[in-house]
Amino acid sequence: MSLLDVKDLTVRRADGRELVTGVSFTVGTGDRLGLIGESGSGKSLTALAVMGLLPAGMTAHGSAVLDGTEIVGARDGKLDGVRGRAAAVVFQEPLTALDPLMRVGHQLAEPLRRHQRLRGGPLRAAVMAALAEVRLDERVARAYPHEISGGQRQRVAIAMALACRPKLLIADEPTTALDVTVQAEVLTLLDGLVASRGMALLFISHDLAVVAGVTDRIVVLKEGVAVESGSVRDIVYEPRHAYTRSLVNSAWELEGELDRMAP
Amino acid sequence: MNPAGAGPDDAENADRAESHDAANAARAGSGGSAVLEARDVGFAYRKAAPVLTGVSVAVSPGRSLALVGESGAGKTTLLRLLLGLARPSSGRILFDGGEPSGREFRRNVQPVFQDPYSSLDPRQRVGRIVSEPLRSLRLLGSRDEAGDRVAEALRAVGLPADAARRYPHEFSGGQRQRIAIARAIVCEPKVLLADEPVSALDVSTRVRVVELLAELGESRGMAVVMVSHDLTVVAALCRDTAVLERGRVVEQGPTLAVLGSPAHPYTRKLLDSVPRLSRAAGAGGERASRPERP
Amino acid sequence: MKRSPTFLIGCVLVALVCAVAVVSLLWLPYDPSDTSGGRLVPPGGAHWLGTDKLGRDLLSRLMVGARIALTVGFGSVLVGGVLGVTAGLLAGFATRWLDDTISAVLDILIAFPTLLLAMLVVAVRQASLGSAVLAIGLAMSAIVARLTRVLVKRVLAQDYITASRTSGTSWPRVVTEHVLPNIWPTLLVNLALQLGLAVLAEASLSYLGLGPPPPNASWGRLLQEAQATVLTAPTGAIAPGVLLVVLVVGVNLVADGFRDLADPTRRRSR
């Protein structure tokens with residue numbers, strides 16, 4: 001059985017408008033799937049629906065089974081056990097994901113205490129180990145979120161997501177707000193962590209080159225509909241759907257000149 | 001894609017020599033043919049570390065210059081200085097060899113901003129937005145003239161003439177950026193200063209706006225200065241590139257030379273960081289960057 | 001373009017109060033200070049709404065009160081609006097220290113009780129309708145100024161302002177072309193709210209003898225006077241209360257309607 005099985009997922013607004021329509025995909029243990037689409041394609045809503053975190057007024061229909069638990073229609077209390085343990089999310093803007101009034105070390109300790117029931121010395125050691133794992137200095141533990149850089153904050157957010165030892169990591173545009181060089185570092189880090197832990201990855205982005213770099217398969221979303229899915233290679237070299245073709249061609253076009261100058 | 005118009009190799013080599021001269025001229029401090037120039041410019045807020053130190057860049061008519069760097073490099077500050085919105089703490093900004101002020105300067109140096117949502121007044125019709133420079137600079141002979149010139153500018157950016165009667169919110173992000181470009185070119189400026197003009201746009205829209213900017217620069221003999229962190233856009237649009245790191249220009253010259261054979265380690269790092277399809281889904285289909293799975 | 005029904009209802013309500021005020025200038029059932037009607041006569045017969053505890057005709061007093069309510073409401077909004085928007089614009093455009101200074105003054109003014117302010121104004125001038133309008137307007141101006149300042153700062157941070165500046169637009173023109181058109185709808189809705197509060201504030205000032213002196217009866221004074229007899233003669237309190245609600249709701253609906261009409265994004269979606 002796959003870790004995440006999404007079938008015919010539809011997200012509706014209160015006024016009945018469909019923002020995501022009949023999207024289906026599966027993520028098996030250790031799989032890496034990319035969701036790609038332009039603004040308004042419903043890619044982020046799909047991720048939120050999978051976690052049972054849709055904003056108020058929106059409803060999910062269809063089915064999304066995460067690690068054996070049906071998320072669509074489930075009560076919030078039931079999902080608490082699934083979130084974190086089965087899947088954890090890293091969002092685009094790390095500053096809003098961290099509590100501004102709490103030192104980084106404390107924030108990081110919270111999920112460790114909850115999920116791994118650590119206390120005292122072992123907890124401190126686990127916090128330091130978690131920081132080391134995302135290549136952050138121990139001193140970061142004593143800093144407040146606004147005192148560290150955007151890249152460091154995103155590393156902290158990743159460390160917090162990993163602290164629950166999830167089987168699936170959902171990353172929603174995790175590097176879009178970062179500088180290119182920092183983006184490259186964070187992507188390399190994420191790539192290594194997912195591989196070394198055998199985690200599954202659901203990576204959401206508008207940037208085809210980024211998605212292609214960290215995932216194996218891609219689902220292309222357009223206005224809430226999955227128009228095409230396939231291996232990275234097929235999507236990038238043999239796109240079948242007209243929309244995928246235009247997306248891929250645009251990416252190649254932009255990159256073409258740079259590839260010619262600096263192969 | 002080749003909107004910058006760089007053709008066969010020999011033409012490019014000629015370019016390269018030419019813009020080497022332009023860059024050298026800028027660095028040497030002689031005005032040369034530069035229309036807009038920063039000469040040994042420094043900028044610091046009171047009691048704070050300098051944002052810019054000894055920056056010299058120049059752009060000549062019909063050419064395009066990219067200011068490349070990451071957040072905190074001072075790109076946007078440099079752009080504000082070039083726009084005459086702030087004065088440098090040291091050094092000079094020169095427009096046509098003179099002071100960057102007055103009506104001629106305002107008319108000839110026009111900006112395009114990153115965010116197509118905040119750059120258009122939501123309560124004005126597009127026609128009024130686009131004609132603002134004409135009205136503010138009193139460049140109009142008659143009332144009808146405004147309508148004609150707005151229509152001409154809208155046509156130049158590929159929007160229908162009836163767009164003038166509509167409001168900004170009726171347009172998509174890419175179309176709004178075209179409206180902002182129409183406003184910038186309506187008074188036929190010599191220099192267009194664009195701050196990350198396409199980074200808020202979707203990829204397919206991005207390509208078209210880059211093409212538009214390149215074409216406008218070419219057909220109108222406008223100099224284009226573009227601030228960007230995206231090297232793919234820079235390679236597609238700009239002939240010359242200046243790389244900024246922490247307020248200093250670490251490398252500059254023809255884009256072909258700067259990106260093709262980067263001399264400074266920071267340029268190389270920037271270049272290596274660009275996510276690329278050609279690497280991600282390389283010919284073999286296997287990613288080299290991926291560590292072995294256990 | 002279709003006007004919304006709520007806007008029309010608002011117009012009708014405000015027009016109603018204005019009509020009463022105008023009629024009171026030309027015709028009144030009785031002299032509002034005539035005490036010959038008999039004390040606390042119930043509604044009906046010769047006195048449609050009855051009389052108060054001194055025997056004055058309630059309807060006549062209400063009609064005269066409409067004039068005062070409108071004068072106080074619109075007068076203090078005019079004073080508060082002009083002063084507040086000017087100070088707010090100044091603070092919004094000012095350099096750091098001037099902005100800080102204006103903001104500090106505004107904070108003090110807001111912390112100052114309206115009552116104390118009114119006593120100061122009365123001490124300088126004397127208790128009259130004009131003094132009440134001035135005092136309430138002054139107190140209001142601080143709140144309006146603070147709102148204006150925030151709205152102005154938000155607009156000034158937009159790129160279209162920079163674009164406007166780089167095409168050589170002068171600051172005064174930036175204000176009339178971009179700043180005011182973008183802030184007045186929000187200001188208007190706030191001023192409508194303030195108008196209701198002003199009418200109520202006048203009631204408390206009158207109660208303390210700081211408002212327009214008798215025999216001019218404002219609705220606030222009618223409300224206060226009816227307090228003691230509210231159980232035996234409820235009309236005395238209900239009638240001015242209902243008119244007050246009609247005016248406040250009417251003005252708010254009109255302001256909302258204007259805001260919607262001014263907003264191109266809402267206009268389309270209607």
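Predicted model: local features only at pLDDT ≥ 70, side-chain atom pairs only at ≥ 80, totals over all residues.
**View 1. The interface between chain A and chain B.** Two pairs of chains touch, and the pair formed by chains A and B has the most contacts. On the chain B side, 42 residues are in contact with 43 residues of chain A. The area buried between chain B and chain A is about 3700 Å², and carbon and sulfur atoms give 57% of that area. Chain A and chain C, by contrast, are joined by no contact, and their closest C-alpha atoms lie 14 Å apart.

**View 2. Polar and charged pairs between chain B and chain A.** Between these chains there are 10 residue pairs in polar contact, both residues being at pLDDT 80 or more. The count of salt bridges between chain B and chain A is two. One of these joins the side chains of B:Lys269 and A:Glu185, at 3.7 Å from N to O. On the side of chain B that touches chain A, at least two residues each come from helix 7 (203-220), helix 8 (231-237), helix 9 (255-260), helix 10 (265-273) and helix 11 (277-280) of chain B.

View 3. Helix 4 (residues 126-136) of chain B is largely enclosed by the rest of the structure, because 10 of its 11 residues are buried. The buried residues include B:Val126, B:Ile129, B:Val130, B:Leu134 and B:Arg135. Their cover includes elements of two chains: strand 5 (109-112), helix 5 (143-156) and helix 6 (173-185) of chain B, and helix 6 (159-166) and helix 7 (171-207) of chain C. Just after helix 4, B:Arg138 takes a positive phi of about 50°.

View 4. The side chains of B:Arg128 and C:Glu177 form a salt bridge with an N to O distance of 2.3 Å. B:Arg128 belongs to helix 4 of chain B and C:Glu177 to helix 7 of chain C, so this pair joins two chains. B:Arg128 counts as partly exposed, at 38% relative accessibility, whereas C:Glu177 is buried at 10%. Through salt bridges that share partners, B:Arg128, B:Arg135, C:Arg173 and C:Glu177 are joined into one network.

**View 5. B:Arg149 in helix 5 of chain B.** B:Arg149 lies in helix 5 and is buried, with a relative accessible area of 18%. Beyond its neighbours within four places in sequence, B:Arg149 is in contact with B:Leu134, B:Leu139, B:Val186, B:Cys187 and B:Glu188.

**View 6. B:Arg248 in strand 9 of chain B.** B:Arg248 is found in strand 9 (residues 248-254) and is partly exposed, with a relative accessible area of 47%. When neighbours within four places in sequence are left aside, B:Arg248 is in contact with B:Thr53 and B:Val243. From B:Ser131, B:Arg248 is 117 residues away in sequence and 37 Å away in space, C-alpha to C-alpha.

**View 7. Chain B as a whole.** Chain B has 11 helices and nine strands. Of its 294 residues, 56% are buried. Among contacts between residues at least 6 apart in sequence, 68% join residues at least 24 apart. Chain B exposes about 12000 Å², with carbon and sulfur atoms supplying 48% of this area.

**View 8. Two salt bridges within chain A.** The structure holds 32 salt bridges over all chains. In one of them, A:Asp31 pairs with A:Arg217, the closest N and O atoms being 3.9 Å apart. This pair links distant parts of the chain: A:Asp31 is in the loop between strand 2 (18-27) and strand 3 (32-36), and A:Arg217 is in strand 9 (residues 217-222), 186 residues apart. A:Asp31 is partly exposed at 29% relative accessibility, and A:Arg217 is partly exposed at 30%. A second salt bridge joins A:Arg240 and A:Glu228, with the closest N and O atoms 3.5 Å apart. A:Arg240 lies in the loop between helix 9 (232-237) and helix 10 (242-261) of chain A, and A:Glu228 in strand 10 (residues 225-231). A:Arg240 is exposed, with a relative accessible area of 58%, whereas A:Glu228 is buried at 5%.

**View 9. A nonpolar surface patch on chain C.** C:Val22, C:Val23, C:Leu25, C:Leu26 and C:Trp27 make a nonpolar surface patch of about 550 Å². C:Leu25 is placed in helix 1 (residues 5-26) of chain C. With 59% relative accessibility, C:Leu25 counts as exposed.

Methods:
Residues numbered from 1 in each chain as written. Chains lettered and ligands numbered in written order. Heavy atoms only, no water. Patch = residues over 30% accessible without salt bridge, like charges linked within 9 Å, V, L, I, M, F, W, Y side chains within 5 Å. Areas by Shrake-Rupley, 256 points an atom, 1.4 Å probe, with all protein chains shown as cover. Salt bridge = Lys/Arg side-chain N within 4 Å of Asp/Glu carboxyl O. Helix = DSSP H or I, 4+ residues; strand = E, 2+ residues; numbered from the N terminus. Buried < 20%, exposed > 50% of the residue type's maximum accessible area, 1.4 Å probe, protein only. Contact = heavy atoms within 4.5 Å. Buried area = accessible area lost by both parts, 1.4 Å probe. Polar contact = N/O pair within 3.5 Å; in protein donor to acceptor, adjacent residues only side chain to side chain.
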